[in-house]
Amino acid sequence: MSFAQLVRNDLNVPGPWNHRQIAANGAQFHVAEVGDGPLVLFLHGFPEFWWAWRHQLPRLADAGWRAVAMDLRGYGGSDKPPRGYDPVTFAADITGVIRSMGERDAVVVGHNWGAYGAWTAAALRPAHVRGVVAMSMPHPLVLRRHLMQGGLVRTGFLLGAQAPLVPERRLTAGDGALVEKLLRRWSAPGSAFPDDEASTRYRAAMRIWPAPHCALEYQRWAVRSLPRANGRRLAKRLEVPVDLPVLQIHGAEDRYITPQLAAASREFTGDSYDWLRLEGTGHFPHEEAPELVTDALLEWLRRFT
């Protein structure tokens, strides 16, 4: 058995959930699913995979929800084609998985670039999104404005990700040591995350080639599209406010995306908007303070459903 096969087997972490492959939007997506009821779809960010939501899945299932976490295109057990990392395809991936699971719509919960996809799916395909929970990522137009106003030079990793080949090599060098470094750097000082298990699993997941390249392509599109016609067209489509229930959760000590930047997303939402700033947490609130995040998510879900 190859190294990649061994790692893929390790990514199907056993638990109260079931693992499935779902065909949607011309690709195969790995999902972990538990519970019955209205669908809540979880989208991980960089540099994680579906397992990032291990704390939330069983509690939502116990509360009467069908909780599903998917590996994004290019990550974990999902397909890793050479193309399809633009936001329009991303939104179609999300809503395609929702439909392929036999549901008309879902509450979409995203972190980091997963939240970027959740914002975009809500704007472009609102018939299939009942609500949005965005963690550690502003609305795409807020991010675009920030990058165009000089924010790119202050984002460090995002700027470095634009180079060809070198970032991929750095992510896989030394058994993925950079992955652990980023998890620690973006977490709050003194955070217990990542522990040894999380570090091992996320490092292994990023070593499945071409996962590093695919993961970076989402970030490259966000930057390279800034001056391009396709980026301007998408920005125009995203100007319509997300007129759905929105919960935005952000770590007060997030050193990658500041709370002030994230909070500017209010400009692009409707009347049903809630903001939660979590003290003592950084860029990974669902991992650094899982109980607080899950409590807040369940309370919000009960209010609007």
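The largest cavity holds about 110 Å³ of space. This is a predicted model: local features need pLDDT of at least 70, side-chain atom pairs count only at pLDDT 80 or more, and totals for chains, interfaces and linings use all residues. Residues are numbered from 1 along each chain as its sequence is written, and side-chain values use heavy atoms, with hydrogens and water left out.

A cavity, on a 1 Å grid over the protein atoms alone, is a set of points where a 1.4 Å probe fits but cannot get out; lining residues have an atom within 4 Å of a point. Points are joined across faces, edges and corners, and a volume is the space filled by probe spheres set on them.

What lines the largest cavity? There are 14 residues, with Tyr116, Pro140, Arg144, Ala222 and Ser225 nearest its centre. Helix H5 (140–148) gives the most, with five residues. Helices are DSSP runs (H or I, at least four residues), numbered from the N terminus. By class, the lining has eleven nonpolar, two polar and one charged. Ala, Val, Leu, Ile, Met, Phe, Trp, Tyr, Cys and Pro count as nonpolar; Asp, Glu, Lys and Arg as charged; the others, Gly among them, as polar.

Next, the second largest cavity, at about 60 Å³. Its lining includes Tyr85, Asp86, Trp113 and Tyr116. H10 supplies the largest share, three residues. The classes here are eight nonpolar, no polar and one charged.

In total, three cavities reach 30 Å³ or more.

Definitions and conventions:
1 Å grid on protein atoms, 1.4 Å probe; cavity = no way out; pocket = protein on both sides within 12 Å on 5 of 7 lines; lining within 4 Å. Helix = DSSP H or I, 4+ residues; strand = E, 2+ residues; numbered from the N terminus.
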